[in-house]
Amino acid sequence: MLFVCVHNAGRSQMAAGFLTHLAGDRVEVRSAGSLPADRVNPAAVEAMKEAGVDISAAQPKILTPEAVQASDYVITMGCGDACPVFPGKTYLDWALEDPAGKGVEAVRPIRDAIRARVEALVAEIDAQRHA
């Protein structure tokens with residue numbers, strides 16, 4: 001599973017953190033950005049800590065074709081045409097507000113929306129595995 005946003009500093013890091021937290025080692029989790037930032041957004045780190053998930057050690061990474069090829073699901077969050085498309089992958093685009101430059105109060109609703117989408121995705125994947 002690959003989560004992609006422009007800076008790999010907020011949305012994709014929060015999504016990867018939730019998926020790792022919820023699915024454990026059942027899913028291989030990656031995140032990347034088309035123009036990675038120097039560090040993960042501190043407000044995203046704080047908002048995730050409030051939700052019981054520590055992403056403080058995460059580092060933004062550049063999006064590579066290899067990361068896309070190695071993933072069954074590619075979830076994009078505002079990276080537009082920067083994401084390479086390969087046949088046989090499941091692509092989802094999550095329209096979520098960018099938390100860049102926002103305080104933790106503004107990041108909380110974005111975090112909660114991401115958590116709901118990740119929980120639904122985990123349920124969908126589990127249902128497919130048991131079908």
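## Helix α2 and its neighbours

Let's start inside the fold: helix α2 packs its buried residues against α1 and α4. Those buried residues of α2 are Ala43, Ala44, Val45, Ala47 and Met48.

At its start, a side-chain oxygen of Asn41 comes to within 2.8 Å of the backbone nitrogen of Ala43. After α2 comes Gly52, which has a positive phi, near 85 degrees.

## How confident is the prediction?

Keep in mind that this is a predicted model. The protein chain has an average pLDDT of 92, and 96% of the residues score at least 70. Where in the chain is confidence highest, and where is it lowest? It is highest in helix α2 (residues 42-50), at 98, and lowest in strand β4 (residues 90-93), at a mean of 90.

## Strand β1 and its partners

Now find strand β1 (2-5). This strand has two partners. β1 and β2 run parallel and are joined by four bridges, with Phe3 standing opposite Ser31 in β2. β1 also pairs with β3 in the parallel sense, again over four bridges; here the bridge partner of Val4 is Thr76 in β3. Trace the chain through β1, α1 and β2, and you have followed a right-handed β-α-β unit.

In a regular strand the side chains alternate between the two faces of the sheet. What covers the faces of β1, and which residues lie on each side? Both faces are covered, with Leu2 and Val4 buried on one side and Phe3 and Cys5 buried on the other.

In soluble globular proteins, nonpolar side chains tend to be buried together. The largest nonpolar core here has 32 residues, and Met1, Phe3, Trp94 and Val118 have the most contacts inside it. The elements giving two or more residues to this core are β1, α1 (11-23), α2, β3 (73-77) and α4 (104-130). Its largest share, eight residues, comes from α4. Apart from this core lies another one, of seven residues, including Leu63, Ala67, Val68 and Val74.

Leaving aside neighbours within four places in sequence, Val118 is in contact with Phe3, Ala15, Phe18, Leu19, Leu22 and Trp94.

## Arg30, a charged name in a buried place

Arg30 belongs to strand β2 (residues 30-33). Is Arg30 buried or exposed? Its relative accessibility is 19%, so Arg30 counts as buried, the cut-off being under 20%.

Who surrounds this residue? Beyond residues up to four places away in sequence, Arg30 touches Met1, Leu2, Phe3, Ala67, Ala70 and Ser71. The side chain of Arg30 also makes a polar contact with the side chain of Glu28, at 2.8 Å. The side chain of Arg30 reaches the backbone oxygen of Ala70 at 3.4 Å. Arg30 and Ala70 are 40 residues apart in sequence, yet their C-alpha atoms are 9.5 Å apart in space.

## Tyr91 in strand β4

Next, go to Tyr91, which is found in strand β4. Not counting residues up to four places away in sequence, Tyr91 touches Val68, Val74, Pro84, Val85 and Phe86.

Finish in the loop between β1 and α1, where you will find Asn8. Most residues other than glycine have a negative phi. Asn8 is not a glycine, although its phi is positive, about 50 degrees. With a relative accessibility of 0%, Asn8 counts as buried.

How values were computed
Residues numbered from 1 in each chain as written. Predicted model: local features only at pLDDT ≥ 70, side-chain atom pairs only at ≥ 80, totals over all residues. Heavy atoms only, no water. Buried < 20%, exposed > 50% of the residue type's maximum accessible area, 1.4 Å probe, protein only. Polar contact = N/O pair within 3.5 Å; in protein donor to acceptor, adjacent residues only side chain to side chain. Contact = heavy atoms within 4.5 Å. pLDDT = per-residue confidence, 0-100. Core = buried A, V, L, I, M, F, W, Y, C linked by side-chain atoms within 4.5 Å. Pairing = 2+ DSSP bridges. Right-handed = clockwise from strand over helix to strand, strands pointing away.
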